[in-house]
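This report covers a cavity, the helices around it and a few individual residues. The sequence and structure come first.

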Amino acid sequence: MKDRATKTLQARFTGKASSDEGGHDRHAWVLAPLARLAPWERSAVADIMKAWFEARPWEPPDSCDEALLWDYAERHGLGGVIGAMALAGNVNHPGFASRGRRRYLSNSLYYEQSMTVCASLQETARNKSVPLGIIKGPAMAQEAYGDSGIRQFADLDVFVASREDAWTLAEGMACDGFEDSLQGSIPHRFEHPGRVFIYKNKWEAELCYPIPHPCDPLLEILSAHWDRMVFVPGPGKKLAVPDPSVHLTMLLAHLARHFGERLVWFLDIAAFVRHN
């Protein structure tokens, strides 16, 4: 965990991601600013989403800076989208098609790795009778895109009903490490109220639970419908995801909380609504 934190800090100060092109850095979109895109290049980045959604071809502008445009697509989580379109024959530019396919395959690999952690999490929850709900991340592959290579993610977001349930899961999974926000610094407790972070197989799972004093108004509202958010998972590989209306509300809240910093979060909502 210390090595991971060190790499993340190095990435923030040097502007270099802590992983290669095939890796996943959870803070990749907040690194040092890139050079400004020309208006037609900005339009091309935004059009990646529409082209995928409409299942039509996408090509970069002839005069674009290929490396810079790709960096923007990656920062906004759209590399796997380009890869999916390339595999469908809708991206013919050699450079973008090649980069996109590599990202798509990398996303698929990370998804499969994350699913082993999700399986362990759900098996523990089933054995301990702990209700939970998994949102965003791998859930998008099943609940929005129907494809494991499109959506890049670097951690797992999980809802549980209480701090006790979070610790039951943490202890039952034989984790590599864990961290309780209540035992952290004051800024950390304010930024991450009601969180237990567990680490297993190089993955971080953020277990979020309601807290008795006022914090996140949306979470307080949703806690009145907790039975639609968490449940004891059944056997099989299907993820324990919340009711679609609750899941959509959380996607919108996440987008608002981060001020719409990444374009893929907008695509998540469009794909989720269409799928459901």
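## Lining of the largest cavity

The lining of the largest cavity divides into 4 nonpolar, 1 polar and 3 charged residues. Here Ala, Val, Leu, Ile, Met, Phe, Trp, Tyr, Cys and Pro count as nonpolar, Asp, Glu, Lys and Arg as charged, and the others, Gly among them, as polar. The residues concerned are Lys136, Arg151, Leu251, His254, Leu255, Trp265, Asp268 and Ile269. At least two lining residues come from each of α10 (244-257) and α11 (263-275).

The structure holds 1 cavity of 30 Å³ or more, and the space in the largest cavity is about 50 Å³. A cavity is a set of points, on a 1 Å grid over the protein atoms alone, where a 1.4 Å probe fits but cannot get out; lining residues have an atom within 4 Å of a point. Grid points are joined across faces, edges and corners, and a volume is the space filled by probe spheres set on the points.

## Basis of the model

This is a predicted model, in which local features need pLDDT of at least 70 and side-chain atom pairs count only at pLDDT 80 or more, while totals for chains, interfaces and linings use all residues. Residues are numbered from 1 along each chain as its sequence is written, and side-chain values use heavy atoms, with hydrogens and water left out.

## The chain overall

The protein chain has 11 helices and 5 strands. These are DSSP runs numbered from the N terminus, with helices being H or I of at least four residues and strands E of at least two. Of its 276 residues, 49% count as buried; buried means under 20% relative accessible area, exposed over 50%, and partly exposed in between, with a 1.4 Å probe and protein chains only.

Contact means heavy atoms within 4.5 Å. Among contacts between residues at least 6 apart in sequence, 68% join residues at least 24 apart.

## Helix α11

The 13 residues of α11 should span 18 Å at 1.5 Å a residue, and the end C-alpha atoms are 19 Å apart, which agrees. The expected span is 1.5 Å times one less than the number of residues.

Buried residues of α11 are Val264, Trp265, Leu267, Asp268, Ile269, Ala271 and Phe272. An α-helix has 3.6 residues a turn, so residues three or four places apart point the same way. The cover over the buried residues of α11 includes α2 (39-53), α4 (79-87), α6 (137-145) and α10.

## His254 and Lys136

His254 belongs to helix α10 and is buried, with a relative accessible area of 16%. Leaving aside residues up to four places away in sequence, His254 touches Lys136 and Trp265.

Lys136 sits in the loop between β1 (132-135) and α6. Its relative accessibility is 13%, so Lys136 counts as buried. Lys136 is not a glycine, yet has a positive phi of about 50°. Most residues other than glycine have a negative phi.

## Two further loop residues

Lys202 also has a positive phi, of about 70°, without being a glycine. Lys202 is in the loop between β4 (195-200) and β5 (203-208), and counts as exposed at 83% relative accessibility.

Arg228 is placed in the loop between α9 (217-222) and α10 and is partly exposed, with a relative accessible area of 35%. Apart from residues up to four places away in sequence, Arg228 touches Pro242, Asp243, Ser245 and Val246. Arg228 and Val241 are 13 residues apart in sequence, and their C-alpha atoms are 9.3 Å apart in space.

How values were computed: On a 1 Å grid over the protein atoms alone, a cavity is a set of points where a 1.4 Å probe fits but cannot get out, and a pocket is an open set with protein on both sides within 12 Å along at least five of seven lines; lining residues have an atom within 4 Å of a point.
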